[in-house]
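I wanted to look up how the aromatic rings pair up here. These are my notes.

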Amino acid sequence: MKNHIYIHFPYCLYKCHYCDFNSHARSPQDIPYQKYTETLIKEIDTQIKQEPHRLENKTIHSIYFGGGTPSLMPATFVFNILNTLERHFTFTNKIEITLEANPGTLNKDKLNAFKEAGINRISMGIQSLNDNYLKRFGRIHSAQEAKDAITLLQEVAFPKWSVDLIFGFPNQTNNEWKSDLSYILKTDTNHFSCYALTNEPGTHYTQQIKRGQILPTPDDQLTDMLKLTYELSDKAGFTAYEISNFAKGLNYSEHNLGYWHYENFWGWGAGAWGQSDANNNQGNIFLLRTHNADDPHEYQQQIELTGTRYTEEVDYPTAMFEYVMMGLRLKSGISIPEFNSRFNQGILNVFESGIKFSIEKGWLEHSGDRLMPTFEGFIFNNAMVSSFIQD
Ligand code: SF4
């Protein structure tokens, strides 16, 4: 089983209107870079001291700096965090170390400094190439700045980089979405992700919908946009290896594959969560999950006072369902022998009715020793996953 690390940086310059991530808007001079990095390093050191048997010297396959906007961090702090991790863990030769970035927060020197600090993959949050939507949804950058950020990544020849896009802005036409996507497909990138705009509880966007100030894009149009995405990306040589993720060749996101394969994660930083196998020695408990306080100040107090974290025990039935839910997002689907050996139970029995129902609907194929979603299964993923709940 592979092991991964997630590092959360919770600050942004502005809160995007649709964002429900653990991000806190601050002006640049109010972001406590040094204090936050020190707390993070203390958290890592403390947890490893507390649980050496679970953590020390583990082999790590990927590290991901997510946010928030981690590209706001000075590269020296990123270096210090990576240095701390390298003291405790063994990095694989091909370790993927990603940093999320936003246009408008990077220049050539900073990008090179991140590269020197050890970052080998950038995930750039472009979201849209249309100033109208960028402005209306509170993004800090313009379409031109987004294009400049892509040019910069190409000029610096960053080892790997990916782009995040959003479709389904209210009143966005299919042609506008096609134009954004076509631009990205012509760049040098070999990976991109795109997500439909969703109205999550508590966001400014959701409040606007509730007040009747804005109408969300209807579901059938979102489906059309998703189908268009599959069609155009396929023509450009990308594989939809996951519902929302596209790669040329085998340039998959190693870190995200870890989530979809239900592997071990350690998460550090405000609001970060992690999960790792309970090693089957605690009765019905399959894995242990940790979750830090979301609020950066509360997180800091938590680490300074106790260094402890909120821990959730995940039982076998819950873990099996989560495993399937994640696996059904992948084009390659679920390996039957892998499920059976991991849980010591047969997937074809445990989820018999969900599998039968999904195959009858044309959402799932049983091919060799795998259960693989079809194209329709990608489109109707929510319904397919729901059919597994009834088991
Ligand atoms: S930049 Fe990302 S994390 Fe920050 S507010 Fe916008 S969507 Fe949220």
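**Aromatic pairs**

I counted ring pairs with centres within 6.5 Å, and the count comes to 33 aromatic pairs. I keep in mind that the model is predicted.

I looked up Phe167 and Trp177 next. Their ring centres are 5.2 Å apart and the planes meet at 40°. An angle under 30 degrees would count as stacked and one over 60 as edge-to-face, so I logged this pair at 40° as tilted. I then checked where the two residues sit: Phe167 belongs to strand 7 (residues 160-167) and Trp177 to helix 7 (residues 174-185). They are 10 residues apart, and the pair links distant parts of the chain.

I checked burial with the cut-off of under 20% relative accessible area. Phe167 has 3% relative accessibility, so I noted Phe167 as buried. Trp177 has 0% and is therefore buried as well.

I found 5.1 Å centre to centre and 70° between the planes, an edge-to-face arrangement. Phe192 is in strand 8 (residues 191-196), while Phe238 is in the loop between helix 9 (219-235) and strand 9 (239-242). The two are 46 residues apart in sequence, so the pair ties those parts together.

I applied the burial check here too. Phe192 comes out at 0% relative accessibility and counts as buried. Phe238 is at 2%, so Phe238 is buried.

**Cluster**

Last, I asked which residues ring pairs link into a cluster. I listed Tyr262, Phe286, Tyr316, Tyr323, Phe339, Phe343, Phe351 and Phe388.

Key: Residues numbered from 1 in each chain as written. Predicted model: local features only at pLDDT ≥ 70, side-chain atom pairs only at ≥ 80, totals over all residues. Heavy atoms only, no water. Phe/Tyr/Trp six-rings, centres within 6.5 Å; stacked < 30°, edge-to-face > 60°. Helix = DSSP H or I, 4+ residues; strand = E, 2+ residues; numbered from the N terminus. Buried < 20%, exposed > 50% of the residue type's maximum accessible area, 1.4 Å probe, protein only.
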